[in-house]
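Dear colleague,

Please find below the structure that I am handing over to you.

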Amino acid sequence: MSENIVHSQEKYGLFPGAEEIPLMTVCRFSYVCNAKCSGCPFTISNTRNLYKETPFMLPEVFKKVADEVGAYGNFIRITGGGEPLLHPQAIELFLYAKAKNCRLGIISNGSQYDKNKLTSLLKANVDTLEISVDAGNEKDYNYARAGLNWEKLNKNVQMAIELREKLNSQTRIWVSIIEQKGIDIEAAIRHWEPLVDKVQLRKFLNFTVDNRKKSASTGAFLPLNERIPCPQLFDRTCIAPDGKVVLCGRDPSGEYSPGSILKQSLSEIWTGPFYSSVRELHLSKQREKFPMCNGCTDVSFKSWSYNFWKILKDTEK
């Protein structure tokens, strides 16, 4: 990353637009996957077993989120401990969110796209399609994304780009690459940069799995000793398939959940005493008093400026 970016700031607090409801609501849409990625914390942990009763996000959960988020015109971001496009009602629910005035971003491995699905999403002007590629050649791809097909990935990305032009869609299309050992990252950038709107380099996050030996990430964004607040608490929240609000990937089971979207409004949870108390601990440099945050090293790879919102702005160019 050649840009000279300052990752901290003088004053911390809620991001503009997140005063009443999260600027971004991340939906863990699927815990079912068709890949066995070696660095994935969900592949090498028992997290997916936690959601074996609800492996896909319940439609009533997603629609309630979409109804609330759409009232503010904020973002829903589709991700998961698996591949979101394996959800049997994926396209139907994505179109529901767009009809409700949500901005919508989808992170996927790209394997499940076909002409019909892409046409539906591009016609609806889904805001972003992010495809996790993690490699720039077949050998590296087979290592990083075991179980998937390099040729099919390239075909699907090219199809998405061509359909977007044909349909005159406003959807931004980018790829992401996790900085992990065993991958020629520069070669990956060279392969994808001419094809898509943006190549995003992602830091290798540890979550609750001690997997740092696979990381090729260098240059922390936020020095741990300065105890700068984690920006994630101030712009986004995460919803599990059963409706439970999950603060962070370090707590996949929702042990420290502030509530359920099926029992409270998203706004009530976001502005409620639980979130407020955790934010205050971060703002007062006492985050270690909250068990989920105590000992976290991933916060050093968070940034108050190099984030989804910057990538989104970059693709507008």
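Helices (H or I, at least four residues) and strands (E, at least two) are DSSP runs, numbered from the N terminus.

Before going further, a note on the origin of the values. This is a predicted model, in which local features need pLDDT of at least 70 and side-chain atom pairs count only at pLDDT 80 or more, while totals for chains, interfaces and linings use all residues. Residues are numbered from 1 along each chain as its sequence is written, and side-chain values use heavy atoms, with hydrogens and water left out.

The buried residues of H10 are Phe-308, Trp-309, Lys-310, Ile-311, Leu-312, Asp-314 and Thr-315. At the start of this helix, a side-chain oxygen of Asn-307 comes to within 3.1 Å of the backbone nitrogen of Trp-309. Such a polar contact is a pair of N or O atoms within 3.5 Å; within protein, one must be able to donate a hydrogen and the other to accept it, and residues adjacent in sequence count only if both atoms are side-chain atoms.

The loop between helix H9 (273–283) and H10 contains Ser-300. Ser-300 has a relative accessible area of 8% and is therefore buried. Its side chain reaches the backbone oxygen of Thr-297 at 2.7 Å. Leaving aside residues up to four places away in sequence, Ser-300 touches Ala-220, Phe-221, Leu-222 and Leu-224; contact means heavy atoms within 4.5 Å.

The sheet

An open sheet of eight strands runs in the order E6-E5-E4-E3-E2-E1-E7-E8, with mixed pairing. Its edge strands are E6 (198–202) and E8 (245–246), each of which pairs on one side only. Two strands pair if DSSP finds at least two bridges between them.

Strand E2 (residues 75–80) is mostly covered, with six of its six residues buried. Phe-75, Arg-77 and Thr-79 point one way from E2, whereas Ile-76, Ile-78 and Gly-80 point the other way. Strand E1 (residues 24–30) runs parallel to E2 and is joined to it by six bridges; Thr-25 stands opposite Ile-76 in E2. Four bridges link E2 to strand E3 (residues 103–108), again in parallel, and Arg-77 stands opposite Gly-105 in E3.

Elsewhere in the sheet, strand E4 (residues 128–132) and strand E5 (residues 172–178) run parallel and are joined by five bridges. The bridge partner of Ile-131 in E5 is Val-175. Helix H6 (residues 150–167) lies across E4 and E5, running at about 155° to E5. Angles run from 0 to 180 degrees between N-to-C directions, and axes are lines fitted to C-alpha atoms, for helices over the stretch in contact.

Arg-236

Arg-236 lies in strand E7. With a relative accessible area of 17%, Arg-236 counts as buried. A polar contact of 3.0 Å joins its side chain to that of Asp-235. Among the residues that Arg-236 touches, not counting those up to four places away in sequence, are Arg-77, Phe-308 and Trp-309.

Helices H3 and H4

Helix H3 (residues 90–99) and helix H4 (residues 115–123) pack at an angle of about 5°, with their axes 10 Å apart. That makes H3 roughly parallel to H4, since angles under 35 degrees count as roughly parallel, over 145 as roughly antiparallel, 65 to 115 as roughly perpendicular and the rest as oblique. Ile-91, Phe-94 and Leu-95 in H3 meet Lys-117, Ser-120 and Leu-121 in H4.

Two asparagines

Most residues other than glycine have a negative phi. Asn-101, in the loop between H3 and E3, has a positive phi of about 80°. Asn-168, in the loop between H6 and E5, also has a positive phi, near 55°. At 61% relative accessibility, Asn-168 counts as exposed.

Yours sincerely

Terms used. Buried < 20%, exposed > 50% of the residue type's maximum accessible area, 1.4 Å probe, protein only.
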